[in-house]
Amino acid sequence: MSEGRATVEIAHGVPTIAVSTSSTLPNRTGSWKYIQPVYQDKTAPCNAACPVGIDIEGVMNLLRLDRVEEARELLLRENPMPATAGRICDHACQGSCSRARFDEAVSIHAVERMLGDLPGVTRPAPPRTRKEHVAVVGSGPSGLACGYHLARLGYAVTMFEADPEPGGWLRFGVPEYRLPRPVLVREIERIRAEGVSIQCGVRVGVNLPWEDLSRFDAVFLGSGARARESFEWEDQGLTDVRPGEDFLHEVRAGQRGRTGRRVVIVGGSDTAVDCARTALRLGAEPVVLFAGAREEMTADAEAVEEALREGVRFEFFARVVGMQVSEHADDEQALEAIRGMFDAPEGGATRPRIVGVACVRMQPAQIAVDGSRRTVSIPGSSFVLPADTVLTAVGAEVAGDVLPADLHRRGYVLKVDAFGQTSRPGFFAGGDLVDEPRTLAHALGSGKRAAIGIDRWLRTRAGEAVPALDEPALRYGGSGNMSITRWRGDDPVRRVNELNEVVAFDQLNMAYFRHEPSMPDHHRAPGESGADFGESNLGLSRDEALAEAKRCFNCGVCNDCELCMVYCPDVAIKKHPSGHGFSLSYKYCKGCGLCVEECPRGAMTMTREGL
Amino acid sequence: MKKVIVGNHAVSWGVKLARAEVIAAYPITPQTQVVEELSEMCASGELKARFIKVESEHSAMAACMGASMTGARAFTATSSQGLALMHELLHWSGGGRMPIVMAEINRALAPGWNVWTDQNDSLSQRDTGWIQLYCETNQEVLDTTIMAFKLAETVDIPVMIVLDAFVLSHTAEPVDIPDQKDVDAFLPKRVARHKLDTGNPQAFGALTTPAVYMEMRLRQQEAMEDAVGALEAIDAEWGRQFGRTWGAVETYRTEGADLVLVTSGTVTSTTRHVVNELRDQGQKVGLVKVKMFRPFPGADLRRVLAGVKDVAVLDRNISPGHSGIFAEETRAALYDLPAARRPRVHGYIIGLGGRDVTPATIEECIQKTRDAASAAVPEREDVWVGVKS
Amino acid sequence: MSQIPVSELIPRDELMTSGHLACPGCGGSLAMRLVLKALGPKTIMSLPACCWTIVAGPYPQSSLGVPVFHTAFETAASTAAGIRAALDMAGDTETTVLAWAGDGGTFDIGLQALSGAAERNEDILYVCYDNEAYMNTGIQRSSSTPWGAWTTTTPAGTPKSHPKKDLLAILASHGIPYGATASVAFPADLVAKVQKAKAIRGTRFLHVLAPCPPGWRSSDEETIDLARQAVHTRVFPLIEVEDGQRWKFSIEHPAEPVEGYIRRQGRFRHLTDEQIRHIQAETDARFARLEKRVKFGT
């Protein structure tokens, strides 16, 4: 522009008047600065919070651009079961969502679910690029994840499942109304399509000796924790006091599930809520007994909400102190009449029967030194809750009897390293077998970590060059779960000078966002929902989910909003020729920091480095 | 075409014939007739110009500057206090080399209020980088107005046409008004050397450091020096086309004179009358009329005054604490002559604030010069004539 | 979409070059960049004495891609009127004549010329970038300086004891076709207003708040946030006025307390809580008057 200005007649070295014919570009005003901005993509809190280890922000950003297929592919890189996780994962991501501090968290689970539910694309299984063969014991979520990732890394994978069908507790422990079987089947089919071979009805250690696995190059143990912690009232020969997991398993297996009319469920876990809602659907009157406050339950808050809507009764701050038993119940006749509607209890009427649960009211006490809240019983507050059946949902432990005895343990669980490697080389473990919260997400995440561990171990064994071990670099934000994409080093998302740190909320700039409430999931009407096993949470439509994705702040990651460029008083920022990101002219940038301050998503940083 | 018009209207006619494009002015006695007539001319369509009726003389000059820098032929007119208010922008337009033309009706400065003529207003602006041309008659006013545009646009220096309040501004005289087509041939449309042009975006007047400021002032000075010759050439061309020339400096009956009066403005006419009378009486008296005050035509004055014994400079102005300004400038110019040919310069302060300058006033100045010529040393440099004792 | 769209509303072409001499974080230079983007290259600028005299660069430089007339302090509007007249005579109706002045050149020394131009409804766009003091000369108070502010001529012991002049109301009282306030923190609004003004004939006046880190004693990177807060606290409401009588708020103004805005700026450091309450009360009263204007016209 300016350099092309017409020349002027000069004498004594000057024109007739002070006529400016050049621009100010010769002035290197960048030399004034003592600090300078850099573009630096960071980690979104959701990515770091996700126990699966998903580039949630990346998925949302692709959806923002309506690149739905790419978004699904990015999701499927890290999570083999988005349709499942979108339904039943406790979505820690949403708890960490920056948007929650502005209006409401992005409904990440609904977006994930929508992507998981999209009709699949049929394509050939990835080529077997590795000669090694890996055995996976157990087809629960950790096993499925491990097998899936290994198959995609080029390994042959054979999975052994004790039950007649794959899925582990997803198939047997999660009620149909939360995870419809066709959804699970589709997800498992997708994993199979990656080349994972699943052999059902094979309980390793029982009808396949552990020694037979020596023909495999590596083994992943993901057989779960079906065995349970004991509940003191279960061992008194009371057949009406039973583990909730067994009850759920029976119902999922197509049996009717044996309960009386009045069902008391003890516990605050997802299993407790699942038992209550399942019993409700079977026509019973469930009551959930929990010693603490509602918000202290480990169960998904939304599931609790749904249960309440459906008519499940909750007794909070109530603890079991004993079982009221009668050889001949007071209302035996009436009871029998009702029981006839259900399966008869084993053992017939001669066995002692539960007639009620003796309880005491609790109250919150002071906060303990470690920060945990304690509750204490209220003297004289005992009461009896009439009950025909008591279901316990207080936790499960590892079925140690079927695992090789030489594997080192820590308490109930197997001792493993960060990549799930047990004390026996080549043996890896994940899911409920290891010391992790027993959630779907952690199971999927541990399966992935083990897949990375197995890949690394096998490559090392084969004498191949493997990247130096930098565990934090593999983890989102340094401490989140590992990313298989990072391990593979084939991220399809272009990162700018990435810093593997979670961006803090105060690094974001809320001035650029409109308040826009989150779209709640659709539900079946309460009357309808408690009545049968049809799916109760209907999620969001595709368009709704896409709109929800566009609520994402893209925390920490440049999404080309161009505000930095708009606000640069020194015209030092231009679009990068690649079309993504920006180039900053340090020759002119005076280091004012407006770009960094105004970046809505904390994707820039001021630094003294390089000056 | 001959018309009997006042001096102010002679300005207006000159501006019209010069096809000024932008006029910006603020009324002040005794200039008002200039702008009234121009307003009529614009309103009737005789003159196709944008007339900005600004809210002050300062804005008048600013608007002329804006117009001139955008390539237009710009004109304003003012007087006295109005000119003083413009002062800052006279530097701006002069230093910025904008060929604006202004009619300046010489009026005394307040306080106390005085609307009558003297030259202190225009002469106060002598260092602003404007050419100053003083007129004696309405014909000269009209001719000079047209020539002023040509001169300004030739050397890129603004030109001030100066005429005495009332004595000229409001006095009707027959004026030969040239044909428009002849004036158009003499003064074509302005072609600006520099202008604000979106097709060639330049900035004018940016911060100018000590490294270059002085050279720009030198270029201004050189252009001012060129203006003397430029006026001579333009005047000659005018003469060829219209049969009248005015010159930067005019000599009148100076042949063999031992005493020459130096005058400017309408005092010249009165002085011509006195010179005629004294010549009839056999006195060797002559007259030099200084039309161009800036740039100062020192070389011309040295040429016409060398060897004259006594020079009496009549100043309708005063630089308080020093002397009449024409006298001061004339003395300075003649000092360069060899001593033998260097006249004695006598300065007289006359006619301030519109006090009448009659033949008797001039005669008194001549007598005082004769008296002083016989004295060894003049009592003082400036002699006030016609004041109460 | 949840993110408020900004960049797509800002024209791409740059008419201001890097290497200009503004201080880091200068609100006035950002304002210039945005205004020129909105106006485009068919613009001629009348630029009186102000920070931009320096920012534009010394001879033989110019950081501005449009023709610029560096003119005298008080003559932004009058010089612009002359430029406009010359363009009219040349038959150029397309070019916008932009008078670009600071608050000193607008509120104070140039007000007469501006008022004259506005009364004559000169066909110019006058933009005042307001940094609320004579910043180029080293932070002296102007009639735009807010009550209570420190400047080098209103030391902290005796800070400015007069309120800021309501310039838009003064301009509106001339009945000009368009007047508005704008802020560098609302670039899309600013650009839209300039584009709207560009399409209108007659005198158009835009008052842009342009924070000045050295003069406000604020951090360089706070410029936008301060400008935004000035709007959100109603200290500097965004408003338009057509034909001097139809007033309209440009946005919903949240009523954030002024204290947050005041306390961030070193120029207000000396103020007591009571003085800040006074500023709050004055701000509320001014806004209430504006609301009346919006509701009832002038």
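A: Gladly. Keep in mind that this is a predicted model.

Q: What pairs with β9(B) in the antiparallel sense?

A: That partner is β1(A), again over two bridges. In this pairing, A:Ser20 stands opposite B:Ala203 in β9(B).

Q: Let us turn to whole interfaces. How many residues do chains B and C each bring to their contact?

A: Count each side separately, then ask which elements supply the residues. Chain B gives 36 residues and chain C gives 40 residues. On the side of chain B, the elements giving two or more residues are β2 (22-25), β3 (50-53), α3 (57-69), α4 (80-95) and β9 (203-204). The largest share, nine residues, comes from α3(B). By class, this side of chain B has 20 nonpolar, 11 polar and five charged residues.

Q: And how many residues are in the contact of chain B with chain A?

A: Here 17 residues come from chain B and 13 residues from chain A. On the side of chain B, β9 and α8 (210-242) each supply at least two residues, and α8(B) has the largest share with five residues. The residues on this side divide into seven nonpolar, six polar and four charged.

Q: Now for helix packing. At what angle do α3(B) and α4(B) cross?

A: Read the angle and the axis distance together. These two axes cross at roughly 25 degrees and come within 7 Å. Angles under 35 degrees count as roughly parallel, so α3(B) and α4(B) are described as roughly parallel to each other. Their crossing is right-handed.

Q: Which residues meet between those two helices?

A: From α3(B) come B:Glu57, B:His58, B:Met61, B:Ala62 and B:Met65, and they meet B:Gly82, B:Leu85, B:Met86, B:Leu89, B:Leu90, B:Trp92 and B:Ser93 in α4(B). This contact divides into eight nonpolar, three polar and one charged residue.

Q: Why do α6(B) and α8(B) count as oblique to each other?

A: Helix α6(B), residues 138-155, packs on α8(B) at an angle of about 135 degrees, with the axes 9 Å apart. Angles over 145 degrees would count as roughly antiparallel, and 65 to 115 as roughly perpendicular; α6(B) and α8(B) are therefore oblique. The crossing of α6(B) and α8(B) is right-handed. Among the residues in contact are B:Met147 and B:Leu151 of α6(B) and B:Ala227 and B:Ile234 of α8(B). By class, the contact has nine nonpolar, one polar and four charged residues.

Q: Could we finish with one residue? Is A:Val596 buried or exposed?

A: For burial, count the neighbours around the residue. A:Val596, found in helix α20 (594-598) of chain A, counts as buried because it has 24 C-beta neighbours inside 10 Å, and the cut-off for buried is 20 or more. Leaving out residues up to four places away in sequence, A:Val596 touches A:Pro37, A:Met604, A:Thr605, A:Met606 and C:Glu221.

Q: What does chain A look like as a whole, in helices and strands?

A: Its secondary structure comes to 20 helices and 23 strands. Of the 611 residues of chain A, 51% count as buried.

How values were computed
Residues are numbered from 1 along each chain as its sequence is written. Chains are lettered from A and ligands numbered from 1 in the order in which they are written. This is a predicted model: local features need pLDDT of at least 70, side-chain atom pairs count only at pLDDT 80 or more; totals for chains, interfaces and linings use all residues. Two residues are in contact if their C-beta atoms, placed from the backbone, lie within 7 Å. Helices (H or I, at least four residues) and strands (E, at least two) are DSSP runs, numbered from the N terminus. Ala, Val, Leu, Ile, Met, Phe, Trp, Tyr, Cys and Pro count as nonpolar, Asp, Glu, Lys and Arg as charged, and the others, Gly among them, as polar. Axes are lines fitted to C-alpha atoms, for helices over the stretch in contact, and angles run from 0 to 180 degrees between N-to-C directions. A crossing is left-handed if the near helix is turned anticlockwise from the far one by less than a right angle, and right-handed if clockwise. Two strands pair if DSSP finds at least two bridges between them. A residue is buried if 20 or more other C-beta atoms lie within 10 Å of its own, exposed if 12 or fewer, and partly exposed in between; C-beta atoms are placed from the backbone.
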